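This report goes through one protein chain for a reader who has not seen it before. Please have the sequence and the 3D view at hand while reading.

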Amino acid sequence: MRQLTDRLGIRYPIIQAPMAGVSMPKLAAVVSEAGAIRALRELTTKPFNVNLFTHRPARAEPEREARWLEHLRPHFTALGAPLPAALPELFTSFLADPAMLDVTGE
């Protein structure tokens, strides 16, 4: 393990899972607008991680999605929540919006 930490220039090999589903794009946007990445770079010379979603953007399949929504209807009803009209893609891929990479630049 020591070779890995030396190679990465870090003291402890702390690996953290992505926050998908826990933190939403709005949180990331607010943090970025507040200058978080710039401020982090000013506070440390150590490496840090930025998660990037680079999945292939979803293709809409209306019939299949309608079947899923019908399957999920009882769960929404039980929770007193409205059934969505469609299944949205929650996380935009950086492949679909290259301008998002600008927040990681200098």
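In which helix is Thr 5 found? Thr 5 is found in helix H1, which covers residues 2–8.

## Basis of the report

The model is a predicted one, in which local features need pLDDT of at least 70 and side-chain atom pairs count only at pLDDT 80 or more, while totals for chains, interfaces and linings use all residues. Residues are numbered from 1 along each chain as its sequence is written, and side-chain values use heavy atoms, with hydrogens and water left out.

## Confidence

The pLDDT is the predictor's confidence in each residue, on a scale from 0 to 100. The protein chain averages a pLDDT of 81, and 87% of the residues score at least 70. Confidence is highest in helix H4, at a mean of 96, and lowest in helix H2 (residues 25–33), at 74. Where pLDDT is low, the predicted coordinates should not be read in detail.

## Overall layout

The protein chain has four helices and zero strands, giving the pattern α-α-α-α along the sequence. Helices (H or I, at least four residues) and strands (E, at least two) are DSSP runs, numbered from the N terminus.

Of the 106 residues in the protein chain, 8% are buried. Buried means under 20% relative accessible area, exposed means over 50%, and partly exposed lies in between (1.4 Å probe, protein chains only). The accessible surface of the chain comes to about 9300 Å², and 60% of this belongs to carbon and sulfur atoms. These areas come from the Shrake-Rupley method with a 1.4 Å probe; for residues, only the protein chains shown count as cover.

A contact means heavy atoms within 4.5 Å. Among contacts in the chain with a separation of 6 or more, 62% are between residues 24 or more positions apart.

Is Thr 5 buried or exposed? Thr 5 counts as buried, because its relative accessibility is 3%. Not counting residues up to four places away in sequence, Thr 5 touches Ile 10, Arg 11, Tyr 12 and Pro 13.

## Charged residues

Side chains of opposite charge can pair when their charged atoms come close. A salt bridge is a side-chain nitrogen of Lys or Arg within 4 Å of a carboxyl oxygen of Asp or Glu. The whole structure holds two salt bridges. In one of them, Arg 73 meets Glu 70 at 2.6 Å, N to O. Arg 73 and Glu 70 are three residues apart in helix H4, so about one helical turn separates them. Arg 73 is partly exposed at 37% relative accessibility, and Glu 70 is partly exposed at 45%.

Arg 64 also forms a salt bridge, with Glu 61, where the closest N and O atoms are 3.9 Å apart. Arg 64 has a relative accessible area of 45% and is partly exposed; Glu 61, at 32%, counts as partly exposed.

Glu 65 lies in helix H4 (residues 62–78). Leaving aside neighbours within four places in sequence, Glu 65 is in contact with Arg 59, Ala 60 and Leu 87.

## A nonpolar patch

Leu 40, Phe 48, Val 50, Leu 52 and Leu 101 make a nonpolar surface patch of about 360 Å². Patches are made of residues with over 30% relative accessible area and no salt bridge; like charges are joined within 9 Å, and nonpolar side chains (Val, Leu, Ile, Met, Phe, Trp, Tyr) within 5 Å.

Leu 52 sits in the loop between helix H3 (36–43) and H4 and is partly exposed at 39%. Leu 101 belongs to the segment after H4 and is partly exposed at 37%. Leu 101 and Leu 52 are 49 residues apart in sequence, with their C-alpha atoms 8.5 Å apart in space. Beyond residues up to four places away in sequence, Leu 101 touches Leu 52 and Phe 94.

## Leu 95 after helix H4

Leu 95 is in the segment after H4 and is exposed, with a relative accessible area of 56%. Leu 95 and Phe 53 are 42 residues apart in sequence and 8.0 Å apart in space, C-alpha to C-alpha. Residues up to four places away in sequence aside, Leu 95 touches Phe 53, Thr 54 and His 55.
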